[in-house]
Each structure stands twice: as C-alpha cells, then as structure tokens.
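The points below are meant to be read beside the sequence and the model.

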Amino acid sequence: MTEELAIRDAYLRQCSAVVGAGPPGGVVLDRTVFYARGGGQPGDTGFLEWEGGRAAVADTVRVESEVVHLLAPGAAPPVGTTVRAALDWERRHLLMRTHTALHVLSALVWREYGAKVTGGNMEPGLARMDFELEAMSVEFGREIEERLNAVLSAPHPVRVLFLPRAAALADPDLIRTKVNLIPAHIDPIRVVDIEGLDRQADGGTHVADTTEVGRVRVVKTESKGKGNKRMRLALDAAPA
Ligand SMILES: [Zn+2]
C-alpha cells in the first residue's frame with residue numbers, strides 16, 4: 001500500500017520513491033506526495049524522474065487502496081526503479097487554497113443561514129458549492145463574498161487531526177457533516193479543523209492558515225431547482 005505523505009504534510013512538494021507493480025499507463029509507488037482525486041478535489045499532476053527518464057503525471061487516482069499516477073504517453077519507469085516524484089506545486093497550492101475556501105464558505109452559510117451543503121466541486125482557483133436554500137440572489141452572493149473575505153483575512157490555523165472513530169462520531173460538528181457515513185473500518189478518522197470556524201472529516205489538502213487563501217470572489221449564483229442553489233467562486237492571486 002502506498003504511503004500517502006500529503007495526508008500529514010500537504011506542503012511536501014517532492015519525494016523519492018520506488019516503483020511497484022501498477023496497471024497499464026499508471027505507476028504505483030511505495031510512497032508519494034501526490035493526492036489522488038477524491039472528496040471533490042482533483043488529482044495532482046507533476047512528473048516522475050529517474051536515471052535516464054522522465055514522465056509527466058497527467059492525473060492521480062485511487063484504484064482500490066492504491067494511489068495510481070496516470071502517465072502522459074511516453075516512457076514509464078520499470079518496477080523497482082527509484083524515482084523522484086514531484087508535484088506541479090503551483091497548481092496544487094491553488095487547489096489547497098480553493099479547498100480551504102470551500103470549507104469556510106460551507107461553515108459560514110451554515111452558521112449565518114442554517115443551510116446545509118448538498119454538493120460541490122473544485123478546480124484550481126475555481127469552485128462551486130450547492131446549498132439547501134430556497135433562494136439565492138445576487139445581493140446574497142455579495143453579502144456572502146464580503147463575509148467570507150472578512151473571515152478568511154483574519155488568522156485561523158488549519159490543523160489536521162486523527163480522531164478515534166468513537167470520538168469523531170460524538171462530535172456535533174462532525175455529526176452535522178455526516179461522519180457516520182464513513183465506512184466502519186476507518187479508524188482513526190482524519191479531520192480538518194479550521195480553528196473556530198469549521199471542523200469536518202476530510203481527506204483533502206489544505207493551506208495552514210486561512211490568510212493564505214487570499215481574496216475570493218462570488219462570480220455567479222444560480223438556481224439548480226427548488227431548495228437547491230449554487231454559488232460559484234473564483235480565487236484572486238495568492239497574497240504576497
Ligand atoms: Zn473538503
């Protein structure tokens with residue numbers, strides 16, 4: 001099974017690793033800094049480099065319990081090769097900022113309007129989130145944008161915790177975000193805690209503090225039917 005380094009340290013940009021047996025077109029490593037697509041967060045891209053070769057990683061996915069690095073057409077490192085696995089860090093960091101922004105948005109809409117999230121998705125610097133709301137006006141979007149930026153710009157550390165399953169199932173914030181739906185064999189449960197704002201079971205990669213997200217714009221609000229309203233976000237350039 002692949003040792004997933006990003007689970008504990010989202011800021012690792014590269015690692016050395018040994019190639020194991022993988023599916024055609026994909027490389028499985030004994031350890032990796034790459035995040036496999038899941039929980040609404042896209043898989044990482046980057047490259048593998050070894051003595052005499054280099055291959056671009058076009059996407060990273062999970063196949064059963066393995067992290068599979070899907071290669072662009074071309075050379076692939078043979079099993080047993082030691083490689084350097086390096087992320088497209090600019091893209092990944094943008095995804096970390098985007099993911100943290102979405103968690104803060106969901107917490108804010110819940111706290112201020114009592115509306116739950118019904119779905120969401122993200123790309124680097126762009127995201128959408130759906131809420132259980134009857135109406136969502138342009139004014140509402142502006143109000144949220146203002147509040148979201150006010151909250152993000154104040155320091156809130158983002159921590160990754162590993163909670164025993166029993167403790168996670170008893171935590172009110174985690175109950176609200178349906179921690180009970182996580183398969184029973186998963187223990188401890190990984191929790192992303194944005195201090196004073198949001199706490200949810202999550203497998204994704206996040207920035208270390210909300211001030212690292214920068215400014216977020218609500219670019220569109222739309223109705224996806226009764227009781228389901230969508231908000232689209234775009235991130236400005238990273239703060240200096
Ligand atoms: Zn998340």
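1. The structure holds 17 salt bridges, a salt bridge being a side-chain nitrogen of Lys or Arg within 4 Å of a carboxyl oxygen of Asp or Glu. The model is a predicted one, in which local features need pLDDT of at least 70 and side-chain atom pairs count only at pLDDT 80 or more, while totals for chains, interfaces and linings use all residues. Residues are numbered from 1 along each chain as its sequence is written, and side-chain values use heavy atoms, with hydrogens and water left out.

2. One of the salt bridges joins the side chains of arginine 128 and aspartate 130, at 3.9 Å from N to O. Arginine 128 counts as partly exposed at 22% relative accessibility, whereas aspartate 130 is buried, with a relative accessible area of 6%; here buried means under 20% relative accessible area, exposed over 50%, and partly exposed in between, with a 1.4 Å probe and protein chains only. Another salt bridge brings together arginine 199 and aspartate 193 at 2.9 Å, N to O, and aspartate 193 is buried, its relative accessible area being 13%.

3. Aspartate 236 forms a salt bridge with arginine 217, with the closest N and O atoms 2.7 Å apart. This pair links distant parts of the chain, since aspartate 236 lies in the segment after β15 and arginine 217 in strand β14, 19 residues apart. Both residues are partly exposed, aspartate 236 with a relative accessible area of 25% and arginine 217 at 35% relative accessibility. Elsewhere, salt bridges that share partners join Glu49, Arg54 and Arg84 into one network.

4. An open sheet of four strands runs in the order β9-β10-β15-β14 with antiparallel pairing; strands are DSSP runs of E of at least two residues, helices are runs of H or I of at least four, and both are numbered from the N terminus. Because β9 (117–123) and β14 (216–223) stand at the edges with a single partner strand each, one side of each is left without a neighbour in the sheet. The twist averages 15 degrees from one strand to the next, where axes are lines fitted to C-alpha atoms, for helices over the stretch in contact, and angles run from 0 to 180 degrees between N-to-C directions.

5. Strand β10 (residues 126–131) and strand β15 (residues 229–235) pair in the antiparallel sense over six bridges, two strands being counted as paired if DSSP finds at least two bridges between them. In β15, leucine 233 is the bridge partner of alanine 127. Helix α1 (residues 89–113) packs on the sheet and touches β9, β10, β14 and β15, its direction making about 20 degrees with that of β10; contact means heavy atoms within 4.5 Å. Helix α2 (residues 138–153) also packs on the sheet, touching β14 and β15, with its direction at about 150 degrees to that of β14.

6. Histidine 103 and aspartate 202 are both buried.
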